[in-house]
Amino acid sequence: ALNNKAMILEYVAKIDEAIVAYERALAACADAGFDAGRMIVMNNIASLETDRERPASALPWLNSALAISIAIDEEFTRGKILTNFTTAYRQLGRLDDVMEHANLALEVLHATGNELDEALVLENIGVVMDQRGDSEEAQEYWRRSLAILVAHDDPHTPEVRKRLEATEAEA
C-alpha cells in the first residue's frame, strides 16, 4: 500500500512526499522479509530518479533490485529493471552500457510479454543509434517503438513521434 501511495504522490508531482512513502515502503518490506516487494520499490525509486534526470542516483537502486530479481528468479520485474538501466545509461551517455542492457532487456521482455517496456527499450536503442550518427537505424527503432505505443494508447507516444519526425525532417 505504501508503494502505491508513493506512486500516486509521484504522479501528482509531490516528489518529496513520494520519496518518504517509498522509504517507508522499503522499510516495511525489509521488516517483513518481502524481497519481491523490496525489489519493486527499489525499481520504482530508480525510475523516479531517472524521471528527475538523476541517473547516477538510480544505478545503486537498479543494481540492488536486479540482484534481488536474480536471487528470487523473478523475470517480469527484471525486464522493467533492465529497461530502467537503459534509460539511466542513456542519460549518462554510456551508450555501450545502454546496448548491453537493452539486449538483455529485450530478451526478458519478449519472454514475459511486456510490450510497453519493450517500446521504451527500442526508443533508447534509437537514441543510441542517432547519437552514433545512424539516423536511418534510429528511425527504424523509433518506428517499432511507436507502433507498440500507439497500439497501447500510451502517453509516451508524442515524445517518440517527435524524435522520429525530427530525424525524418533532417534526412
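## Aromatic pair

A search of the whole structure, which is a predicted model, finds one aromatic pair. The pair is formed by Phe85 and Tyr89, whose ring centres are 5.7 Å apart and whose planes meet at 20°, so the arrangement counts as stacked. The angle falls under the limit of 30 degrees that defines stacking.

Both residues belong to helix H5 (residues 75-92), where Phe85 and Tyr89 are four residues apart, about one turn of the helix. Phe85 counts as buried because its relative accessibility is 1%. Tyr89 is also classed as buried, at 8% relative accessibility.

## Helix H4 and its packing

Helix H4 covers residues 55-71 and contains 17 residues. From its first C-alpha to its last, H4 reaches 24 Å, close to the 24 Å expected at 1.5 Å a residue.

The buried residues of H4 are Pro55, Ala58, Leu59, Leu62, Ala65, Leu66, Ile68 and Ser69. These buried residues pack against helix H3 (35-51) and against H5, the helix that also carries Phe85 and Tyr89. Just after H4, Asp73 adopts a positive phi of about 55°.

## Salt bridges

Side chains of opposite charge can pair when their charged atoms come close. With a cut-off of 4 Å between nitrogen and carboxyl oxygen, the count comes to 10 salt bridges. One of them joins the side chains of Arg38 and Asp35, at 2.8 Å from N to O. Arg38 and Asp35 both lie in helix H3, three residues apart, about one turn of the helix. Arg38 is partly exposed at 23% relative accessibility, and Asp35 is partly exposed at 32%.

Glu49 and Arg52 meet in a salt bridge with an N to O distance of 3.8 Å. Glu49 is buried, with a relative accessible area of 8%, whereas Arg52 is partly exposed at 30%. In the salt bridge between Asp97 and Arg94, the closest N and O atoms are 2.7 Å apart. Asp97 has a relative accessibility of 19% and therefore counts as buried, while Arg94 is partly exposed at 36%. Elsewhere, salt bridges that share partners join Glu49, Arg52 and Arg54 into one network.

## Nonpolar surface patch

Ile8, Tyr11 and Val12 make a nonpolar surface patch of about 380 Å². Tyr11 is located in helix H1 (residues 2-11). With a relative accessibility of 74%, Tyr11 counts as exposed, because the exposed class begins over 50%.

Methods. Residues numbered from 1 in each chain as written. Predicted model: local features only at pLDDT ≥ 70, side-chain atom pairs only at ≥ 80, totals over all residues. Heavy atoms only, no water. Patch = residues over 30% accessible without salt bridge, like charges linked within 9 Å, V, L, I, M, F, W, Y side chains within 5 Å. Areas by Shrake-Rupley, 256 points an atom, 1.4 Å probe, with all protein chains shown as cover. Helix = DSSP H or I, 4+ residues; strand = E, 2+ residues; numbered from the N terminus. Buried < 20%, exposed > 50% of the residue type's maximum accessible area, 1.4 Å probe, protein only. Phe/Tyr/Trp six-rings, centres within 6.5 Å; stacked < 30°, edge-to-face > 60°. Expected span 1.5 Å × (residues − 1). Contact = heavy atoms within 4.5 Å.
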